[in-house]
Amino acid sequence: MWKVGELVSRKSYGRDICFHIVEIDRSQNVAILKGMEVRLLADAPLTDLESVTETELRDYTAGYRREEDDALRLIRMRRLIEEEKRSLRSDAKFRASHDFFEKPGRVLHIDGDGSYLEKCLLFYEELRIPAIGHHVSEARMAEVLPHFLEQYHPDILILTGHDGLLRKGQDLSNVYNYRNSENFIKAVRAARRYERSFDDLIIFAGACQSHYEALLDSGANFASSPHRILIHALDPVFIAEKIAYTPINQTVNIFDVVKATITGTDGLGGLETRGKYRIGLPRSPY
């Protein structure tokens, strides 16, 4: 008999994704599933579930670790190239002293999944991005946002968690056919009531299979998912990184933003937006 917390896959989908069981409805013989590495909530008949073996779990997680390592490597390479370019543009005295300091954009990350949030915060730290995170259910995000925005005054707002289509074959343009897209839309609108400028507050919103067009129409700069596919748990971090480290006098290259993610253009997209990175001089000795 299945239990909450067990790792399973779905036979009808070729066992392509590892899930945790988060809820079981015995009366309907249905389980609610949460993606282990993707931001997807799904339901499945109990008869469609199959246990994930230790070997399968090891292979599954190893594949995602490789993707994450590749994304981090590309970011580090890009930063080195950008630092070299800045050095060449600066005068000789500046290049010799390197006596400057960095001010990347500040992130407020609101996540409907606490375990994903913890992982994202570790990557923000690894990438030297100042970030504050709060675990808030998707349904409450619009309610709590005004308080958090007033408290932290972020440059970049990440609104993510879990989403997914409720049923196959339904009208993809109808926001009510998604688990949480409507909640993300309400949260984006609440943020835009606080700050209307798309360059003063940059917003990413969405999760797996989210209603991409509606999220952009509600005021997000970047969103998921254009082709209603799954996105990686860390994709919002990689989008925030590119924005946080693009100079304020430059427009973020949309292709470069999405290229820095694990999922790519089928899962994420957005609008032209100015960066949030500043350099200061000199560095204080104190």
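So, Arg140: at 39% relative accessibility it counts as partly exposed, where buried means under 20% relative accessible area, exposed over 50% and partly exposed in between, with a 1.4 Å probe and protein chains only. Its partner is Glu143, and the two form a salt bridge with the closest N and O atoms 3.7 Å apart. By salt bridge I mean a side-chain nitrogen of Lys or Arg within 4 Å of a carboxyl oxygen of Asp or Glu. Glu143 itself is exposed, with a relative accessible area of 57%.

Quick housekeeping. This is a predicted model, so local features need pLDDT of at least 70 and side-chain atom pairs count only at pLDDT 80 or more, while totals for chains, interfaces and linings use all residues. Residues are numbered from 1 along each chain as its sequence is written, and side-chain values use heavy atoms, with hydrogens and water left out.

Back to the charges. How many salt bridges does the structure hold? It holds 16. One of them brings the side chains of Arg128 and Glu102 together, at 3.5 Å, N to O. That pair links distant parts of the chain, 26 residues apart: Arg128 sits in the loop between α3 (114-126) and β8, and Glu102 in strand β6, residues 101-103. For those labels, helices (H or I, at least four residues) and strands (E, at least two) are DSSP runs, numbered from the N terminus. Arg128 is partly exposed at 44% relative accessible area, and Glu102 is also partly exposed, at 27%.

Then there's a local one. Glu182 forms a salt bridge with Lys186, closest N and O atoms 3.8 Å apart. Both lie in helix α5, 4 residues apart, about one turn of the helix. Glu182 is partly exposed at 27%, and Lys186 counts as partly exposed at 41%.

What does Arg10 touch, not counting residues up to four places away in sequence? Its contacts, meaning heavy atoms within 4.5 Å, include Ile17, Phe19, Leu33, Leu40 and Leu49, along with Arg15 and Asp48.

On to the sheet. It's open, with 6 strands in the order β8-β7-β9-β10-β11-β13 and mixed pairing. Two strands pair if DSSP finds at least two bridges between them. The edge strands, each pairing on one side only, are β8 (131-135) and β13 (269-270). Further in, β7 (residues 107-111) and β9 (residues 156-160) run parallel, joined by 5 bridges, and Asp111 stands opposite Thr160 in β9.

Which helices pack on it? Helix α4, residues 141-152, touches β7, β8 and β9, and its direction makes about 160° with that of β7. Helix α5, residues 181-194, touches β9 and β10 (202-205), also packing on the sheet, at about 160° to the direction of β9. The axes are lines fitted to C-alpha atoms, for helices over the stretch in contact, and angles run from 0 to 180 degrees between N-to-C directions.

Last stop, helix α7, residues 235-244: 10 of its 10 residues are buried. Charged residues are among them, including Asp235, Glu241 and Lys242.
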